[in-house]
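Visitor: Could you walk me through this one? I'd like to go chain by chain.

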Amino acid sequence: MAYSEKVIDHYSNPRNIGTLDKSSKQVGTGLVGAPECGDVMRLQIEVDDATGIIMDAKFKTFGCGSAIASSSLATEWLKGKSVDDALKIDNMDIVEELALPPVKIHCSVLAEDAIKSAINDYRVKNGLLPIEDTKKHY
Amino acid sequence: MLNLPIYLDNNATTPMDPRVLEAMIPFFTQNFGNAASRNHPFGWKAEEAVDYAREQVARLINADPKEIIFTSGATESNNLAIKGVFEMYAEKGNHIITLETEHKAVLDTCKHLEKLGAEITYIRTNEQGLITLEQVAEAIKPTTILVSVMYANNEIGVIQPMKEIAALCKSKGILFHTDATQAVGKIPVDVIADGIDLMSFTAHKMYGPKGVGALYVRRKNPRVKVTAQMDGGGHERGMRSGTLNVPGIVGFGMACEICQKDMVADTAKISKMRDHLEKELLVLEEAYVNGSIEHRLPHITNMSFKYVEGEGLIMGVKNIAVSSGSACTSASLEPSYVLKALGLDDELAHSSLRFGLSRFTTDEEIEYAINHVKEAVLKLREMSPLWEMFKEGIDLKSIQWAEH
């Protein structure tokens with residue numbers, strides 16, 4: 001299968017690989033997927049308490065090129081966004097930006113789930129209720 | 001000068017040997033006759049060429065030329081052998097024994113026959129990919145008409161105990177078929193010494209052209225018959241109708257002759273390179289060879305790199321052409337059924353690569369491949385959350401993964 005140039009670029013030069021201190025109250029961690037399905041994404045955000053702005057975002061992904069590119073792109077988009085705006089990132093935005101073929105849409109879904117899961121982890125740590133996922137992907 | 005990408009997928013297909021191509025060329029435009037045309041020199045020439053090729057093919061496997069039925073390839077040969085025996089020996093019984101790790105051409109043929117009333121036993125291999133004689137003996141019933149066991153596996157290269165299984169089948173009066181697609185031309189295969197009754201193989205895995213293969217059908221002790229699956233002009237002793245692919249058959253014959261002549265030298269050279277590749281890649285942490293190392297073809301190795309996903313790895317090693325144990329590329333998220341049958345963990349199966357070398361592989365290419373794979377594995381582990389967890393001593397099985 002041919003990958004789009006953007007997928008290849010993110011795969012070859014992934015942005016924001018790394019690990020944030022998951023015990024910090026400012027850090028939200030989302031770990032989604034499963035090894036037996038061939039995709040595991042861990043996405044972390046570091047939020048400025050005062051402004052609610054995502055100061056930093058890091059990821060590590062076990063998966064195909066599209067999964068790596070989806071999570072790499074997600075971290076790029078998250079940085080500098082407010083948590084509320086981050087919740088608006090839709091998997092189809094990722095599909096469009098990376099020109100993912102239909103068989104790879106699940107990678108974008110996983111990235112969206114990782115964002116939501118990281119935000120919820122941050123919210124719960126800071127005494128807020130988790131956001132209910134109103135979108136049913138599967 | 002190194003040409004990229006490097007082809008290391010020779011279990012999928014091999015490049016044609018230039019000597020094979022040379023032998024084939026006259027049979028396209030000059031000697032284009034139909035081997036079944038009895039009335040003129042065009043036909044006679046074609047028939048003569050086919051007869052010669054039949055001898056070359058037969059010699060490689062120690063068969064009589066009359067026992068070679070030319071087909072379009074191993075898939076057709078497997079279909080003809082299994083369906084043909086099922087129909088021909090229906091009065092004797094309906095039970096067939098085969099392996100879980102067979103090629104789809106055998107498995108799906110068996111599945112098809114199940115719908116037509118066949119009873120199939122699929123033997124499970126051990127973690128080495130091998131089966132034992134006892135397993136076959138236990139599976140045999142009074143209604144068993146055929147045992148079909150692949151000679152060597154296409155994904156991991158393990159070689160089954162042919163002689164022992166064949167002897168058991170013979171003692172019980174059961175026919176023995178083998179899909180020897182990966183073995184013929186690579187290791188000595190002798191239908192008499194091995195005791196094989198029916199054998200499928202193909203030209204394009206042994207430096208011959210695509211679209212031509214053969215089914216060996218034993219004529220003596222016992223005389224084996226199969227019901228034709230293709231009706232028509234009654235070619236190939238009535239077992240396979242259809243105008244013979246003369247250039248393909250000529251190429252197949254030449255490929256067999258070269259394999260027979262060069263096998264010892266080829267094997268020595270190729271297995272040395274394979275062993276070097278394997279040894280160097282095993283230097284990586286959490287790297288494993290899948291399947292038996294002892295009973296294996298000389299030109300293949302299937303390796304797993306834990307905590308790295310197969311398709312991602314394939315993309316990382318884009319300068320070498322290899323195949324991944326993960327079938328993710330084909331839209332299904334299932335890891336290879338062969339590796340699963342060995343009892344490998346899914347996450348291991350997800351990160352396996354199959355390297356297949358050929359007589360045209362060079363030392364320089366292998367050195368490149370070693371560095372290229374090492375680099376990709378290290379890079380992907382750097383970005384793998386699973387690798388990080390492993391390094392922190394977290395048991396991945398203790399984590400509640402969200403299925404998706």
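## Walking through the model

Guide: From the N terminus on, the elements of chain A run α-β-β-β-α-α-α-α. Helices (H or I, at least four residues) and strands (E, at least two) are DSSP runs, numbered from the N terminus. This is a predicted model: local features need pLDDT of at least 70, side-chain atom pairs count only at pLDDT 80 or more, and totals for chains, interfaces and linings use all residues. Residues are numbered from 1 along each chain as its sequence is written, while chains are lettered from A and ligands numbered from 1 in the order in which they are written.

Visitor: How many helices and strands is that in chain A?

Guide: Five helices and three strands. The radius of gyration of chain A is 14 Å, close to the 14 Å that the globule rule gives for 138 residues, so chain A is as compact as a globular protein of that length. That radius is taken over C-alpha atoms, and the rule is 2.2 Å times the number of residues to the power 0.38.

Visitor: What share of chain A is buried?

Guide: 49% of its 138 residues. Buried means 20 or more other C-beta atoms within 10 Å of the residue's own; exposed means 12 or fewer, partly exposed is in between, and C-beta atoms are placed from the backbone.

Visitor: Take H1 of chain A. Which residues are buried there?

Guide: In H1 (residues 5-12), A:Val7, A:His10 and A:Tyr11 are buried. They cover an arc of only 100° around the axis, which puts them on the same side of H1(A). The arc is that of the directions from the helix axis to the C-beta atoms.

Visitor: What do they pack against?

Guide: Helix H2 (65-78) and helix H4 (91-98) of chain A, together with helix H10 (310-316) of chain B. Contact means C-beta atoms, placed from the backbone, within 7 Å.

Visitor: And A:Ile89, where does that lie?

Guide: In the loop between helix H3 (83-86) and H4 of chain A. A:Ile89 counts as partly exposed, with 19 C-beta neighbours inside 10 Å. Not counting residues up to four places away in sequence, A:Ile89 touches A:Trp77, A:Glu112 and A:Ile115.

Visitor: Switching to chain B. What are its domains?

Guide: Domain 1 (6-11 + 263-392) and domain 2 (18-259). The bounds come from an automatic or database domain assignment. Their centres, taken over C-alpha atoms, are 29 Å apart. In the contact between them, 19 residues of domain 1 meet 21 residues of domain 2.

Visitor: Which elements supply the domain 1 side?

Guide: Strand S10 (300-305) and helix H11 (337-341) of chain B each supply at least two residues of the side that touches domain 2.

Visitor: What about the largest nonpolar core, how many residues?

Guide: 153. Such a core is a set of buried Ala, Val, Leu, Ile, Met, Phe, Trp, Tyr and Cys residues joined through C-beta atoms within 7 Å. B:Tyr216 and B:Ala255 have the most contacts inside this core. Helix H9 (residues 246-281) of chain B gives the largest share, 13 residues.

Visitor: Is B:Asn221 buried or exposed?

Guide: Exposed, with 10 C-beta neighbours inside 10 Å. B:Tyr207 has a positive phi too, near 70°, but B:Tyr207 is buried, with 28 other C-beta atoms within 10 Å.

Key: Contact = placed C-beta atoms within 7 Å.
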